[in-house]
Amino acid sequence: MTGPPLLEVEDLRIDLNYRSSHVAAVEGVSFRIDRGETFGLVGESGCGKSITALALIGLLRQPLSIGAGAIRFDGREIQRLSAAEQRALRGNRIAMIFQEPMTALNPVSPVGRQIAEMFVLHQGKDWREADRLAVEALASVRVPAPERRVKDYPHQLSGGMRQRVMIAIALACGPDLLIADEPTTALDVTVQAEIIELMRNLCAERGTAILMISHDLGLVANVCRRVAVMYAGRIVEERGSDDIFRTSSHPYTQGLVDSLPRLGSRAALGRTRLTEIAGVVPAITDFPDGCRFNPRCARATDICRTTEPETTLLGAGGLVRCHHHA
Amino acid sequence: MRLGANLIIGGALFALAIFVGLLAPWLAHTDPVMDANLLNAEEPPSWIWWFGTDAQGRDIYSRVVHGARISLTVGIVSQLVNSVIGVTLGLTAGYWGGWWDDFVNGLTNLMLAIPSLIFALAIMAVLGPGLTSLLVALGLTNWSFTCRIARASTLSLKSQGYVQAAKVLGYGDLRIMITQLLPNMVGPIIVIGTLGMGGAILAEAALSFLGLGVRPPYPSWGSMLSEARDQITTAPWLSIFPGLAIFLTVLGLNLLGDGLRDILDPQSRSRRT
């Protein structure tokens with residue numbers, strides 16, 4: 001790959017400003033996504049993955065703000081852009097789909113109109129042309145009878161259909177990057193598989209990079225080429241998705257992998273209990289010193305309780321942040 | 001059907017008032033202003049003079065019919081002005097927040113603290129009597145409730161997923177307000193507007209009764225009441241019919257407002273089912 005990466009996040013810190021005190025909700029987060037690449041960000045609720053996504057599109061609002069670091073999209077630093085330039089980027093070159101397809105569509109507007117609005121807004125099309133393109137967009141996400149469906153209101157569609165409409169809206173302007181924040185959490189499993197398949201195919205066809213955010217390690221590893229695991233506001237490990245199950249290095253990632261049920265494990269190993277990670281995620285105002293995982297970690301030693309581990313590079317582009325990585 | 005009764009009766013009364021107002025020149029028997037004839041002065045209601053005649057011998061029926069035009073114009077136009085002002089202020093205040101929100105809130109509280117009729121009187125005193133100043137006065141004094149509702153709706157809608165989604169998709173502030181927020185709050189705004197129209201008609205009657213509204217000889221229901229007050233014992237029909245017209249129109253608008261609230265408010269709808 002030549003030229004700058006599509007998205008480059010460098011040492012990002014997001015501050016939570018709470019009554020004149022600042023707490024770093026996200027700290028030292030760096031990653032890069034190349035054109036057409038699929039990248040996953042995995043972590044528990046509250047680990048900072050969704051606010052990282054908001055920071056990428058310049059939509060952090062008080063009490064959250066970017067404290068340090070840089071986000072470069074296509075070589076340009078997002079924080080330095082004017083409000084109008086950021087707006088021109090959003091929806092046009094960076095698009096996003098959300099967890100709740102139930103609420104992410106305007107209930108009083110036909111879905112076709114909401115798709116068409118993107119063409120009017122970002123490509124300056126007139127409404128007739130935009131309406132025609134909306135039918136095409138709806139057809140491309142495999143909604144049956146799109147010319148009739150464009151007139152439907154969101155409440156007339158099922159959850160899966162709504163998420164398809166969201167994908168159509170997000171991909172309407174052929175963005176370079178699609179941020180998918182828990183795109184299938186609200187859907188049932190069979191629909192989930194269809195939606196993921198659809199999203200992956202459409203993005204592959206158009207060369208759109210995907211940043212997928214989820215708590216579901218299995219799902220992310222399935223979709224993405226590379227996966228970063230976040231814990232308590234930090235990226236603790238980044239690996240190719242094939243490696244993450246086999247040779248994960250960070251104790252937290254290993255804990256996540258071990259807590260997943262495996263098909264056939266009972267036949268191979270007999271009846272076993274799923275392992276869990278002891279303890280709970282620390283509160284944001286109350287991160288422990290040193291490694292933030294140390295109170296829950298079986299491998300923790302004195303150095304973990306005092307010194308923040310540095311990032312260690314592993315083979316094949318992986319990295320880990322642990323004193324005792326495997 | 002229980003749900004429809006308010007709506008149907010209210011709608012019918014309001015539609016009747018509009019119908020009468022629109023067709024006034026054809027429905028009226030005589031010209032409401034010019035056809036004075038002292039030979040027919042103060043005739044009680046009869047087959048010839050349906051609602052009787054006044055001291056100048058003018059047909060009360062024709063004057064009430066023409067009065068509908070003025071009352072409805074005042075009701076509709078002034079409430080439209082109120083809605084536009086209230087929605088604009090409330091929507092922007094709720095959306096942008098900050099000092100603008102504080103300012104609008106202060107202004108709204110100020111307006112709510114001053115009795116609107118007194119405020120309208122003051123404006124009328126400056127502008128002088130007449131239909132135009134009546135519209136200005138009533139249009140500027142009753143937007144605070146609309147503003148409150150619009151601001152409250154904006155605050156609750158602002159955190160909805162689709163408004164957030166619109167931001168992420170690159171919508172500008174104005175586009176979000178017009179395409180995402182406004183269509184989702186029309187329900188309560190229409191309800192308040194309908195109720196406010198009834199209030200404006202009453203206010204017009206009051207101001208005209210006080211001699212500040214529509215000037216004689218032009219017939220408005222309020223000014224007719226005002227002229228009739230000396231003869232209320234000798235010729236009660238002079239006040240009964242314009243009073244009845246006000247009563248029925250305002251009742252109609254209030255019922256219509258209630259009925260609309262029943263269908264437009266999703267909460268009351270779900271409670272019923």
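**Exercise 1. Determine how H8(B) and H9(B) are oriented relative to each other.**

Solution. The model is predicted, so local features need pLDDT of at least 70 and side-chain atom pairs count only at pLDDT 80 or more, whereas totals for chains, interfaces and linings use all residues. Residues are numbered from 1 along each chain as its sequence is written, and chains are lettered from A and ligands numbered from 1 in the order in which they are written.

Step 1. Identify the elements: helices (H or I, at least four residues) and strands (E, at least two) are DSSP runs, numbered from the N terminus. Helix H8 of chain B covers residues 161-168, and helix H9 of chain B covers residues 173-209.

Step 2. Take the geometry. The two helices pack at an angle of about 155°, with their axes 10 Å apart; axes are lines fitted to C-alpha atoms, for helices over the stretch in contact, and angles run from 0 to 180 degrees between N-to-C directions.

Step 3. Classify. Angles under 35 degrees count as roughly parallel, over 145 as roughly antiparallel, 65 to 115 as roughly perpendicular and the rest as oblique. H8(B) and H9(B) are therefore roughly antiparallel to each other.

**Exercise 2. State which residues of H8(B) meet which residues of H9(B).**

Solution. Residues are in contact if their C-beta atoms, placed from the backbone, lie within 7 Å. From H8(B) come Tyr162(B), Val163(B), Ala166(B) and Lys167(B); they meet Ile176(B), Gln180(B) and Leu181(B) of H9(B). By class, this contact has five nonpolar, one polar and one charged residues (Ala, Val, Leu, Ile, Met, Phe, Trp, Tyr, Cys and Pro count as nonpolar, Asp, Glu, Lys and Arg as charged, and the others, Gly among them, as polar).

**Exercise 3. Describe the side of chain A that touches chain B.**

Solution. The contact takes 23 residues from chain A and 14 residues from chain B. On chain A, the elements giving two or more residues are H2 (83-89), S6 and H3 (111-123). H3(A) gives the most, with four residues. By class, this side of chain A has 13 nonpolar, six polar and four charged residues.

Methods: Two residues are in contact if their C-beta atoms, placed from the backbone, lie within 7 Å.
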